Amino acid sequence: EEMLDIVEELVAQSRDLESVLLSLAEVLHRVTLVQCVPGYRDAERSDWPAIEELAGTLSAEDAQLYYQIAIKGRNELGLAPDPRTGLEMTLLRMLAFRPANSNEHGGPTPPAAKTLPAADNKPVPSQPAVTTEPAPSAAPSVPVQKTAAPTPEPAIPAPAGDSDWIRMLEQLSISGQVRELARNVELKARDGDRWEFVITPALRHLGSKACIGRLENAISDMLGQAITVRLVDEGKQGLQTAAAAEQQQIHQEMNEAEKAINEDPTVQALKDKMGARIIDDTIQPIQ
């Protein structure tokens, strides 16, 4: 409610809402500098004490996640029904994506604990409504768990490619920064219980030790067996990630919408007879 009151005040002041997100991202950049570079100070800023106070309040994970949400929200502001809606949804997204408390229940599960029974190895849910039970689609892994064969087979077939990882991602019980990490990695290789993912250097900050641990736990729960995740950053362009697939889908839908509008007979008649023109950035795909 307090956040919405602030947005209401900004609108009443006729503020440029795009600049609000840019300013927020800039402050979060300064907050991260304070957290990562001891003694750093920008003498030209009069609000530096407030930034230092904020740096002591926000966790490093939160600051990084909020920065990414602010930049992405600013880029998508033109796609929103109106600037106010875009700003409110971006800020609400910051409130919704809360990383699980790494200090709760003694912090992230250490690697040595991954051999414990599944009941003792559940990831901490980010909100009460999220269940930590394996998804129904993972049920075929249960019979494999009950077998006492000397050399157990994997609970489900190894992913054969990026599309398999993208489909599996939708079934994982993860949220917040862990989901953002999972959406922005490409499955490179799987060798038994060792999974290797590639991420671009620009997003390497998403792969904190705590986030990787929670991703390991989520995949382990789905498979019914302990796995380890290794994250490598490469300069490779055009990674086949879930986020990239989503953007490609959005781009395709936008192209189809633009084509449908431009080829519509009524629109063509308005152009020819009345000199009408289409404002391109108002075209939106029908959801």
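This report describes the sheet, the salt bridges and a surface patch of a predicted model.

## The sheet

Three strands make up an open sheet, in which the order is β1-β2-β3 and the pairing is mixed. The edges are formed by β1 (186-191) and β3, each of which pairs on one side only. From one strand to the next, the twist averages 25°.

Strand β2, which covers residues 194-199, pairs with strand β3, residues 228-233, in the parallel sense, and six bridges join the two. Within this pairing, Arg194 has Thr228 in β3 as its bridge partner, while Phe197 stands opposite Leu231, which is also in β3. Together with helix α9 (residues 209-223), the strands β2 and β3 make a β-α-β unit that is right-handed.

## Salt bridges between parts of the chain

The whole structure, when searched, shows 14 salt bridges. One of them joins Glu18 and Arg74, whose closest N and O atoms are 2.8 Å apart. Because Glu18 lies in helix α2 (residues 17-36) and Arg74 in helix α4 (residues 60-75), this pair ties together parts that are 56 residues apart in sequence. Glu18 counts as partly exposed, at 31% relative accessibility, and Arg74 is likewise partly exposed, with a relative accessible area of 32%.

A salt bridge also forms between Arg41 and Glu52, where the closest N and O atoms are 3.5 Å apart. Arg41 belongs to the loop between α2 and α3 (48-57) and Glu52 to helix α3, so the pair ties together parts that are 11 residues apart in sequence. Arg41 is partly exposed at 48% relative accessibility, and Glu52 is partly exposed at 34%.

## A neighbouring pair and a network

Arg194 is partly exposed, with a relative accessible area of 48%, and Asp193 counts as partly exposed at 36% relative accessibility.

Elsewhere, salt bridges link three residues, Glu8, Arg84 and Glu88, in a network.

## A nonpolar surface patch

On the surface, Met89, Leu92 and Leu95 form a nonpolar patch, and their accessible area together is about 290 Å². Leu95 is placed in helix α5, which covers residues 83-96. Leu95 counts as exposed because its relative accessibility is 54%, and the cut-off for exposed residues is over 50%.

Methods
Residues are numbered from 1 along each chain as its sequence is written. This is a predicted model: local features need pLDDT of at least 70, side-chain atom pairs count only at pLDDT 80 or more; totals for chains, interfaces and linings use all residues. Side-chain values use heavy atoms; hydrogens and water are left out. Two strands pair if DSSP finds at least two bridges between them. Helices (H or I, at least four residues) and strands (E, at least two) are DSSP runs, numbered from the N terminus. A crossover is right-handed if, with the strands pointing away from the viewer, the path from the first strand over the helix to the second runs clockwise. Patches are made of residues with over 30% relative accessible area and no salt bridge: like charges are joined within 9 Å, nonpolar side chains (Val, Leu, Ile, Met, Phe, Trp, Tyr) within 5 Å. Accessible areas come from the Shrake-Rupley method with a 1.4 Å probe; for residues, only the protein chains shown count as cover. A salt bridge is a side-chain nitrogen of Lys or Arg within 4 Å of a carboxyl oxygen of Asp or Glu. Buried means under 20% relative accessible area, exposed over 50%, partly exposed in between (1.4 Å probe, protein chains only). Axes are lines fitted to C-alpha atoms, for helices over the stretch in contact, and angles run from 0 to 180 degrees between N-to-C directions.
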